[in-house]
Amino acid sequence: MKKIVVLGGGYGGVLTAKKLAKRLAKHKDVSITLIDRHPYHTMMTELHEVAACRVDEEAIKMDLKQIFAGRKVDVVLDEIKKIDFDGQSLKGSKKTYDYDYLVIGTGCKPTFFGIPGAEEHAMTLWSFDDAVKLKRQIRDMFNLASKELDEEKRRQMLTFVVVGAGFTGIELIGEIAEYRDELCHEYHIDPKDVRLVVADMAPKILPILPDKLIKKSEKYLQKMNVEMITSAKITGVTENSVVLGDKGELQAQTIVWTAGVEGSELVGNLDVQQNGRKRIVTNDKLQSADHKNVYVVGDNIFYVPEGEERPVPQMVENAEHSATLIAHNITADIKETGKYKSYKPTFHGTMVCIGGRYGVAAIGTPKKMFHFTGFMAMFFKHMINIVYFLQVLGFHKVWSYKIHEFFKVKNKRSFVGGHLAMRSPNFWLVPLRIFLGFKWLSEGLAKLPKVLENPSNIFLIPPKAADGTTGASQAIEAVQQTVDGHTAASSVQTAKTAVEAIPVPDFLKSMVDGSMDMFFYTADGGYTALASIFQTGMVFAEIIFGAMLILGLFTSLASLGTIAMGVMIYTSGMAPFEMLWYFFGGIALIGGSGSTLGLDYYLYPHLKRIWKNIPFVKKWYLYTD
């Protein structure tokens, strides 16, 4: 049995384990174990959204057991204290784990550069717990400030300083700036009393971005009343202040440190070659320079690709690329194919969101980068997140992400504003649901006796005309050609009603003619047996869907069914203008009005529990919470 251990449930660790499980699914002599001290995978790039209360806490977490459901990956919750490379084992708090192949993806932690007081007094934003703690701190400061009479203490409570003007710092200060208005309204505080500052030792913010995008970012931050202090030599942090060298001392009770990262504590203590703030030196196969059966993924890699001057960056795209390469190379070694690959990553740019409404992005290839701001930058950011979620937790996470980012936004904090926000309670749709259901039910019951009396008597499908066109086409033409108020095609059976029918475009007429001629008409102009079946099915569908809407039973499915019937009636050329409200009424009910005063309220939770436990559904994440 070959034992593969993936250490760390971050971006690199999760993707490596998933790709290994897929490549080695048929190898029963291989076991894959993922070890992490938390039962969830955290979206580290979205921590600022939780810290500033843009999304719920659960929005940035993914259950590791859900991710690996139905896959040959054992998820183990433990904290690894030591790695014995010679004995090929990991010593954890609970037990010891042996390995044949080890993938290290423990990520990073904040580094404080030895600045006095920084580690003791500054908050950080590098974990889920950090984000939750900061979220509470921000709200507590507004709450306390609203009751504080001492002006100096109140000023300190309402001053928020972020040290570090890189991606994390700018994203955080942008989120707090948006959150400020919401909190000021809630706690009756004048927004002018709140001071937001981002400070950095570098001469400019977001130094990795082109100057054009930096200026756009600065302009937007200024618009949001954020102070930017650059070229500041930070010399100390106290309980209530940060010392900015010759630029003075900033008094604040909330100081967040985002100025840099280094390898995790475990990695820093490993007896392997390291460089660049405790990153493990690897070869081009991403193997540790000291141990060929130890691979390094994501932020822990220190590798300078051929032709480059700098090591691969600590970003999500690096984790994605390195995970794919490591999975390939371990698989090649186990299968003894000898087809190893070297790491030659191509990065496609960077994106920074400054709050939920605005962002900047440089996207493309190393030879050609395209710059985007505002709506388009945020659009690409969300699309790239969705691509990642599809790899990790499929439909389940993509649906959850869309709900949190677009449909349950607070205070219009989305790049689409509040236009897609779900505001209206479903009980306002109940009267429409019952009325629409009654109309479909009554239509079906009125036609039912004719169908039962003589199923071959076709009255829902127009007869085929002598010139080879369908009665539907002539009925459509009758709408469009009138002379002195009388129809030109009065010989057609449906012409009398067709005058009031909704016009159908020519390209749809030709499609209808072809399909109806194929399925419903015989060579001599009569009806096929399928025509009788279709007509009977339509009548029973009207009755069934109508009853389902009235009862609030599978309301979404019933609404889609009525929409489909409306489309079929329309394309036949016999749909009166009255059919429009049937159609749009069905669209309005798709959202699930049956969960209010309907049977769906009782049925859906039960069915969801059953559905989620089906192995195929669990494996492919075809469910929602």
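Reader: Is cysteine 184 buried or exposed, and what is its relative accessible area?
Author: This is a predicted model, and the answer rests on a cut-off, since a residue counts as buried when its relative accessible area is under 20%. Cysteine 184 falls under that cut-off and is therefore buried, with a relative accessible area of 3%.

Reader: Why is cysteine 184 too far for a bond, and in which residue is the closest cysteine sulfur?
Author: A disulfide needs two cysteine sulfur atoms within 2.5 Å. The sulfur of cysteine 184 is 14 Å from the closest cysteine sulfur and therefore too far for a bond, and that closest sulfur is in cysteine 53.

Reader: How far from cysteine 353 is the nearest cysteine sulfur?
Author: Cysteine 353 is buried, with a relative accessible area of 0%. This residue is in no disulfide, and the nearest cysteine sulfur, which belongs to cysteine 53, lies at a distance of 16 Å.

Reader: With which residue does the side chain of glutamine 137 make a polar contact?
Author: Glutamine 137 lies in helix H5, which covers residues 128–145, and at 18% relative accessibility it counts as buried. Leaving aside residues up to four places away in sequence, glutamine 137 touches Met123, Gln253 and Thr254. The polar contact, at 3.0 Å, joins its side chain to the side chain of threonine 254.

Reader: How far apart are the end C-alpha atoms of helix H17?
Author: Helix H17 runs over residues 529–551, and its buried residues include Met538, Ile543 and Phe545. Among the elements covering these buried residues are helix H13, helix H18 and helix H19. At 1.5 Å a residue, the 23 residues of H17 should span 33 Å, which agrees with the distance between its end C-alpha atoms, 33 Å.

Note on methods. Residues numbered from 1 in each chain as written. Predicted model: local features only at pLDDT ≥ 70, side-chain atom pairs only at ≥ 80, totals over all residues. Heavy atoms only, no water. Buried < 20%, exposed > 50% of the residue type's maximum accessible area, 1.4 Å probe, protein only. Helix = DSSP H or I, 4+ residues; strand = E, 2+ residues; numbered from the N terminus. Polar contact = N/O pair within 3.5 Å; in protein donor to acceptor, adjacent residues only side chain to side chain. Contact = heavy atoms within 4.5 Å. Expected span 1.5 Å × (residues − 1).
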